[in-house]
Amino acid sequence: MSTRQAARPTRDEVYDLLMNARQADWVELSLEDGRSMSGAIIFNEFKGTGRLINVDEEFSYDFNVDQIVNVKL
């Protein structure tokens, strides 16, 4: 058995996940640099960019679709 993690979603799959996540109250984004952050997102499908906003922890993070490894709703 392999100890590898599940295969990373393709760029198109991440794009679809982000499109669906726009409607969610809370999402978790896993970034290519190993960080994970949670909050609500705004995603611009035409530019491939967005912002994660966490009002509880009072921060926001601007991202590009190419930085995202996974999206959990």
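Predicted model: local features only at pLDDT ≥ 70, side-chain atom pairs only at ≥ 80, totals over all residues.

User: OK, using that, what is isoleucine 68 in contact with, leaving aside its neighbours within four places in sequence?

Analyst: Isoleucine 68 is in contact with Arg8, Val14, Leu18, Leu29, Ser30, Leu31 and Phe63.

User: And how many residues does the largest nonpolar core have?

Analyst: The largest nonpolar core has 15 residues. Ile68 is among those with the most contacts inside that core, along with Leu18, Leu29, Ile41 and Phe63.

User: Which elements give two or more residues to this core?

Analyst: That would be α1 (11-21), β1 (27-31), β2 (36-44), β4 (59-64) and β5 (68-72). As a general point, nonpolar side chains tend to be buried together in soluble globular proteins.

User: Switching to the sheet: what order do the strands have?

Analyst: The order is β4-β3-β2-β1-β5, an open sheet of five strands with antiparallel pairing. β4 and β5 are the edge strands, each pairing on one side only. On average, neighbouring strands are turned by 40° against each other, direction ignored.

User: Where does α1 pack?

Analyst: On the sheet, where α1 touches β1, β2, β4 and β5. The direction of α1 makes about 40° with that of β5.

User: How many bridges join β1 to β5?

Analyst: Four, and the two strands run antiparallel. Glutamate 28 stands opposite lysine 72 in β5. Glutamate 28 also stands opposite serine 38 in β2, and β1 pairs with β2 over four bridges, again in the antiparallel sense.

User: What about β2 and β3, over how many bridges do they pair?

Analyst: Five, antiparallel. Asparagine 44 has threonine 49 in β3 as its bridge partner.

User: Now backbone angles. Which glycine in the hairpin of β1 and β2 takes a positive phi?

Analyst: Glycine 34, with phi near 100°. That hairpin has four residues between the strands. The β2 and β3 hairpin also has four residues between its strands, and glycine 48 in that turn has a positive phi of about 75°.

User: Which residue other than glycine has a positive phi?

Analyst: Glutamate 58 is one, with phi near 55°. Most residues other than glycine have a negative phi. Glutamate 58 lies in the loop between β3 (49-54) and β4.

User: Is glutamate 58 buried or exposed?

Analyst: Exposed: its relative accessible area is 72%, and the cut-off for that label is over 50%.

Definitions and conventions. Residues numbered from 1 in each chain as written. Heavy atoms only, no water. Core = buried A, V, L, I, M, F, W, Y, C linked by side-chain atoms within 4.5 Å. Buried < 20%, exposed > 50% of the residue type's maximum accessible area, 1.4 Å probe, protein only. Contact = heavy atoms within 4.5 Å. Pairing = 2+ DSSP bridges. Axes fitted to C-alpha atoms, helices over the stretch in contact; angles between N-to-C directions.
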